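Hello,

Here is the structure I promised to pass on. Please open it first; my notes follow below.

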Amino acid sequence: MPQYKLILKTGDVHGAGTDARVRASIRSRYQQSRWFDLDKPGYDDFEQGDLDGYVIQTTYLGGDPEYLNIEMDMSGLGAAWYLDWVIVEEIETGKKWKGTPTYHWFDVEYSTNPYEYPSNTTSQSMPLERDDSIVVPRKKVYHELPHGGGYVTEEEV
Ligand SMILES: [Ca+2]
């Protein structure tokens, strides 16, 4: 069963982060995967400027990913979320795709599905563009030292 790593960049703009529930689904020309909750236990996902990675395992979709669908539950205060871009990587083959949302702000009024308005969810279907030369950025992690100050390391997302 194919495994994909989804890497999502939350924009570094004021109010970009969210605590809303975010789900993702990959679609090939033939089939759509089930929805996956993007939620790491004990971790605050999708904060301003963050780079977050999630590994999902789908059934065989009959072909390469062509779209990444993102759905967000708009519950909670300050739910709106600014998604800058996504990278999808097929783990076994190293094939990569990049996607950019048509509307970076995920908010009910920008839903691309008029039938959902004004429900509590918003979703966008992002076309994916194949580019195996993409270098997946590394996440900068700040480590505080016990007596003040700190240092930054770069880690795999
Ligand atoms: Ca969050």
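What percentage of the 157 residues of the chain count as buried? The figure is 24%. Keep in mind that this is a predicted model.

First, the layout. The chain has 11 strands and 0 helices.

Next, the core. In soluble globular proteins, nonpolar side chains tend to be buried together. Here, the largest nonpolar core holds 23 residues. Leu6, Leu68, Ile70, Met72, Trp81, Leu83 and Val88 touch the most other members. Two or more residues come from each of β1 (3-10), β2 (21-27), β5 (67-73), β6 (81-90) and β9 (121-130). The most come from β6, which gives 5 residues.

Look at Leu83. Leaving aside neighbours within four places in sequence, Leu83 is in contact with Leu8, Thr10, Ile70, Pro101, His104 and Phe106.

Then go to Val86, in strand β6. Is Val86 buried or partly exposed? Val86 counts as partly exposed, because it has 19 C-beta neighbours inside 10 Å and buried takes 20 or more. Not counting residues up to four places away in sequence, Val86 touches Leu6, Ile7, Leu8, Leu68, Gly99 and Met126. Val86 and Leu68 are 18 residues apart along the chain, and their C-alpha atoms are separated by 8.7 Å.

Best wishes

Note on methods. Residues are numbered from 1 along each chain as its sequence is written. This is a predicted model: local features need pLDDT of at least 70, side-chain atom pairs count only at pLDDT 80 or more; totals for chains, interfaces and linings use all residues. A nonpolar core is a set of buried Ala, Val, Leu, Ile, Met, Phe, Trp, Tyr and Cys residues joined through C-beta atoms within 7 Å. A residue is buried if 20 or more other C-beta atoms lie within 10 Å of its own, exposed if 12 or fewer, and partly exposed in between; C-beta atoms are placed from the backbone. Helices (H or I, at least four residues) and strands (E, at least two) are DSSP runs, numbered from the N terminus. Two residues are in contact if their C-beta atoms, placed from the backbone, lie within 7 Å.
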